[in-house]
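Dear colleague,

I am handing over a structure for you to look through, and my notes on it follow below. Please keep the view open while you read.

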Amino acid sequence: MLKYESIFVTEPNLPEDDLEEMIKSYDQITVSAGGKVLKVERWGKRRLAYAIQRHDEGIYVLMTLECAPQHVKELERRYRMNDRILRHLTVRVEDESQIGPSPMMKPRATDREDIPAEPPATI
């Protein structure tokens, strides 16, 4: 079994229930093919670099999977069949150390406690 990261962008007006159902269906497809979902990260609504189908924003979801290469082709076929998915990308993870939390889920420098939020005032 190989490890993959699969990210897809949905329409920004997709209800939370529909998004959850979509994630569960892709999870179910992976498990039924003998693979497993290692993690799912919902990045939320973000601005797109360019308009896709007249949408300036999209909801991003990242899934880390462990499955056979044939399953990835089926998963991408299902992505293409879903009209609510604007874009998708699946890549193989070569280095297992990359499977931790994505940079999108790590706290920003201003959110960390060890770094002051404002620079010290100069006199």
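Please bear in mind that this is a predicted model.

Aromatic rings come next, and a pair of them is described by the distance of the centres and the angle of the planes. The count comes to four aromatic pairs. One of them is formed by F8 and Y26, whose ring centres are 5.7 Å apart with 70° between the planes, an edge-to-face arrangement. This pair connects distant parts of the chain, since F8 lies in strand β1 (residues 2–10) and Y26 in helix α1 (residues 16–32), 18 residues apart. Y26 also counts as buried, because its relative accessibility is 3%.

F8 pairs with Y79 too: the centres of their rings are 5.4 Å apart and the planes meet at 45°, so this pair is tilted. Here again distant parts of the chain are linked, with F8 in strand β1 and Y79 in helix α2 (residues 69–81), 71 residues apart. Taken together, F8, Y26 and Y79 form one aromatic cluster.

Turning to the strands, β2 (residues 36–52) and β3 (residues 55–67) run antiparallel and are joined by 11 bridges. Across this pairing, V40 stands opposite M63 in β3. The two strands β2 and β3 form a hairpin with two residues between them, and in the turn Q53 has a positive phi of about 50°.

Definitions and conventions. Residues are numbered from 1 along each chain as its sequence is written. This is a predicted model: local features need pLDDT of at least 70, side-chain atom pairs count only at pLDDT 80 or more; totals for chains, interfaces and linings use all residues. Side-chain values use heavy atoms; hydrogens and water are left out. Rings of Phe, Tyr and Trp (its six-membered ring) pair if their centres lie within 6.5 Å; planes under 30 degrees apart count as stacked, over 60 as edge-to-face and the rest as tilted. Helices (H or I, at least four residues) and strands (E, at least two) are DSSP runs, numbered from the N terminus. Buried means under 20% relative accessible area, exposed over 50%, partly exposed in between (1.4 Å probe, protein chains only). Two strands pair if DSSP finds at least two bridges between them.
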